[in-house]
Amino acid sequence: MCLSSLVIPKNHNIPRDDKTAKKLIYRLLGIACNIIIIFIDSLKRLSMKILFITSSFNGMAQRLWLELDGRDHQVKVHIAEDAPGMIDAVKAFDPDLIIAPFLKKKIPAEIWKNHICLIIHPGIKGDRGASSLDWAILNREDQWGVTILQADEKMDAGPIWASHRFDMRPASKACIYRHEVTQAAIKGLLEAIKKFRQDSFEPEPLDYSKPNVQGHWMRSARQDDYCFSWSDATDEILLKIRAADSQPGVRAAINDRSFYVYGAHREDTLQGNPGEIIAQRNKAICVGTGDGAIWITQLKRDEEGAIKLPAVTAMGKETDDIPPSTLGPFEDHQGSTFRDIYYEQEGAVGFLHFDFYNGAMSTAQCKRLKQAFVQAKEQPVTVIVLMGGRDLWSNGIHLNVIEHAGDPADESWANINAIDDLIEEIILSTDHYIISALQGNAGAGGVPLALAADKVLARKGIVLNPHTRQMGLYGSEYWTYLLPRRIGMEKSKDFTEQCLPWGTAVAKEIGLIDDAFETNAKAFCDRVKESALETARLSWFDKLIASKQFQRRKDEAVKPLDKYRKEELAAMKKNFYDDNWDYHLKRYCFVHKMSTPSHVESVQDKDLYSSRRKIYRKRKWESVHYKE
Ligand code: COA
């Protein structure tokens, strides 16, 4: 059907041979074409081609990618290794806009002179340099911020597109980066993109005479900026360690040996001479300071090729004589100390917190957590909430501990069995209602760990990476049971094979999680508590438990839980002992911070936009309960 027949109905009484009528038709056609062109153009402007140039596809880059992808922008990721690579990537993709979420290199002039490149800078207006957040902590700033600026000749001195501030708090650099910086970066970037669409917008040139431009150029922080003496006050030492955690760590002498230290916690009770190791607890060491003591959870030996390890593991034999200071998850304790697993209770609800450094769970940690979970079930509670840590929920088995082990294959085997035991315990807890509350990101086996619960709640905006293929692993943790029962087998396979990050909005829509709310961790925990207490008070709580028990029996009849485990572990055994998917090399590279070509390619050469849509759109109606 032609357009004229739509515009002019056949029975209209305009004389068809009349010249004015023809003119009218052409004018109407012209108007219609213009409307179509404007409509297509506006659609194009809504969805832009955006190129990420980034040093790694880290948590921040993943989060920003998810935000933009969710708004239907086509975002391609280029891992910046050198200038020619960046130039080629821009030529090949021809983006509308370039964004640098986490870039340690300079963008070549050939790029920024011809394209608008927005840099996410973790500093306030006017702040320049590569150690912004480190200095903000070291200088005890009350407030800090994120500025979105345009790449220019001088580093971080380009025109400003957006800037947002936040209150600082006593936490490590990595923790502030994962929370406040990421939130402010998203706000700023979305604002900048809106401005980018307004043809009239002119970014603000950097002008130090303006009162709101309070930052300045700061050189890169060095070890002597972080360094401390054990006789300094605890506050001072905590501040220095936090400023350099998770990278590069502060160099300090412990027992006359040089280490980089991480994971510092204040200790209020124990005391000792400055620099003396007073106690050990769950692989952490307690060291005396000028006015008290602190716990150090991670150490890296100051030598080529060393990796970050639990402190006691890094020190080795010399910790044998250090007295243990035990503090169980259920013991009452007033004041600050280090405790990676602890339990709280309110009414009929038990809250089990497990805050493991980097979300990595070693064999010992999995065993302790399982023990704590069993003990939680023995308390007078009907609902148990698995709280994970504030920063991270879980990233699965502990690759650094495995790398350090005498026999990494054996340690991998022990670790995967220990995490499987924990998950099995959760799945088989049919007398309690279990809730997973993800305050932070979850990766690899950490995702099925969350799905083992009856209800999965997440803080809005966290990132889920439910895959292990990049690490050369088939994966265990009952993923072949837990993932399909929520999203179906087809999507589960795609999820684990495509190695894409997922945000909470889509995760909720497809049923991977039950709900996502609050971007702030404290507000999230408050609502989780409310919801858990409400569940425990349900008049039909007994029926809820009965239906859970019935479902478990049904699932067991369809396929015994043990069968899933055996099948997964058979595949994992090949990964560990036959190294059929290059797990040992991939793990070595991950732990030693070396990017493998396959890792770069997996992000860079992938059409993330289409891959994600392919999975997302696939059989949205698919049955929630997968049956073989
Ligand atoms: N074991 C040991 N360390 C781990 C870890 C693990 N399973 N997962 C993450 N980490 C560490 C990283 O080495 C990094 O350490 P650093 O900052 O102290 O140097 C830190 O946690 C943050 O990880 P990073 O990779 O920078 O975070 P990200 O947000 O960019 O990526 C993941 C998140 C989950 C995709 C990524 O960390 C990953 O692939 N982890 C491995 C997961 C895995 O394969 N586990 C084994 C199978 S169960």
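A salt bridge is counted here where a side-chain nitrogen of Lys or Arg lies within 4 Å of a carboxyl oxygen of Asp or Glu, and by that rule R63, E67 and R71 are linked in a network of salt bridges. The model is predicted, so local features need pLDDT of at least 70 and side-chain atom pairs count only at pLDDT 80 or more, while totals for chains, interfaces and linings use all residues. Residues are numbered from 1 along each chain as its sequence is written, and side-chain values use heavy atoms, with hydrogens and water left out.

Across the whole structure, a search finds 31 salt bridges. Side chains of opposite charge can pair when their charged atoms come close. One of these pairs joins E318 to R257, with the closest N and O atoms 2.1 Å apart. Because E318 lies in the loop between helix 10 (311-315) and strand 13 (341-346), and R257 in strand 8 (residues 257-267), the pair ties together parts that are 61 residues apart in sequence; helices (H or I, at least four residues) and strands (E, at least two) are DSSP runs numbered from the N terminus. E318 is partly exposed at 29% relative accessibility, and R257 is partly exposed at 31%, where buried means under 20% relative accessible area, exposed means over 50%, and partly exposed lies in between (1.4 Å probe, protein chains only).

Other pairs sit within a single helix. R552 and E556 meet in a salt bridge at 2.8 Å, N to O, and both belong to helix 20 (residues 541-558), four residues apart, or about one turn of the helix. An α-helix has 3.6 residues a turn, so residues three or four places apart point the same way. R552 counts as buried, at 9% relative accessibility, whereas E556 counts as partly exposed, at 32%. In helix 21 (residues 561-578), K563 and E567 are likewise four residues apart, about one turn of the helix, and their salt bridge has its closest N and O atoms 3.5 Å apart. Here K563 is partly exposed, with a relative accessible area of 42%, and E567 is partly exposed at 37%.

The ligand is the next place to look. Of the 24 residues around the ligand, Q247, K308, N358, I397 and K593 come nearest, a residue being counted if one of its heavy atoms lies within 4 Å. By class, this shell holds seven nonpolar, 13 polar and four charged residues, with Ala, Val, Leu, Ile, Met, Phe, Trp, Tyr, Cys and Pro taken as nonpolar, Asp, Glu, Lys and Arg as charged, and the others, Gly among them, as polar. An N or O atom in the side chain of Q247 is 2.7 Å from an oxygen atom of the ligand, and a polar side-chain atom of N358 lies 2.9 Å from a ligand oxygen atom. From the backbone, a polar atom of G59 is 3.2 Å from an oxygen atom of the ligand. The protein covers 84% of the 860 Å² of accessible area that the ligand has on its own, areas being computed by the Shrake-Rupley method with a 1.4 Å probe.

Helix 17 (residues 489-498) has as its buried residues M489, K491, S492, D494, F495 and T496, and this helix is followed by C499, whose phi is positive, near 55°.

Key
A polar contact is a pair of N or O atoms within 3.5 Å; within protein, one must be able to donate a hydrogen and the other to accept it, and residues adjacent in sequence count only if both atoms are side-chain atoms.
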